[in-house]
Amino acid sequence: KKVHGVRTGTRPLTGQMSHRLLRDCLPGHEGSGIIEIHFHFQPGVQGPEHPQPGVPYSARNFPRVAYLPDSSQGERALHGVYLAWSQRLMFTVGRSITTQRDNCVTWNDIHMKTNISSSEHGYPDPQYLGNLAQDLAGFGITEAQIAQHMASHPDLRTRGGL
């Protein structure tokens, strides 16, 4: 199951990703700020890579927001998420587990924390950054690629996007 080469997903091309830095801290990451990531999509028409080419898809519940600690590990994770985004791996078009509707933009098995503090999708979660790294590795995004991305985009953290 090892990925060879660059894996490309099926994220709709209508999407945009950006982030900003917040001064607050996440539970379990006191002393670090917050990296708040924004994902935004417009409705569109499914391409040949989607389940129903030519059929419109919706972008319900967007924009969506996710959170990482503003720490060295969080910054590495941010670069990994941007790699996943650029390779179209973060989202796909399919059936929404939340709404049970078809032809929706949905998450694509890279788990993000979408609440600052809650039991399931928030903090504290001491294993989260390790789990996120495993999710990314499962899509072929390696530590070496993340390190190269960091070297190529040293100001990404403060720039707010690619």
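A charge sits over a ring if NZ of Lys or CZ of Arg is within 6 Å of the ring centre and within 35 degrees of the ring normal. The views below come from a predicted model.

**View A. Arg11 and the ring of Trp85.** Arg11 places its charged end over the Trp85 ring. The distance to the ring centre is 4.1 Å.

View B. The structure holds 10 aromatic pairs. View C takes up the pair of Phe62 and Phe91.

**View C. Phe62 against Phe91.** The ring centres of Phe62 and Phe91 lie 5.6 Å apart. Their planes meet at 65°, so the pair is edge-to-face; planes over 60 degrees apart count as such. Phe62 sits in the loop between strand 4 (56-57) and strand 5, and Phe91 in strand 6. The two are 29 residues apart, so distant parts of the chain are linked by this pair. Both residues are buried.

**View D. The largest nonpolar core.** This core has 37 residues. Ile37, Phe39, Leu68, Met90, Ile110, Met112 and Leu132 touch the most other members. At least two residues each come from strand 1 (16-22), strand 2 (33-40), strand 5 (64-70), helix 1 (72-86), strand 6 (91-94) and helix 2 (128-138). Helix 1 gives the largest share, seven residues.

**View E. The surroundings of Met112.** Neighbours within four places in sequence are left aside here. Met112 is then in contact with Ile37, Ala66, Val81, Met90, Trp107, Tyr128 and Leu132.

Terms used:
Residues numbered from 1 in each chain as written. Predicted model: local features only at pLDDT ≥ 70, side-chain atom pairs only at ≥ 80, totals over all residues. Heavy atoms only, no water. Core = buried A, V, L, I, M, F, W, Y, C linked by side-chain atoms within 4.5 Å. Buried < 20%, exposed > 50% of the residue type's maximum accessible area, 1.4 Å probe, protein only. Helix = DSSP H or I, 4+ residues; strand = E, 2+ residues; numbered from the N terminus. Contact = heavy atoms within 4.5 Å. Phe/Tyr/Trp six-rings, centres within 6.5 Å; stacked < 30°, edge-to-face > 60°.
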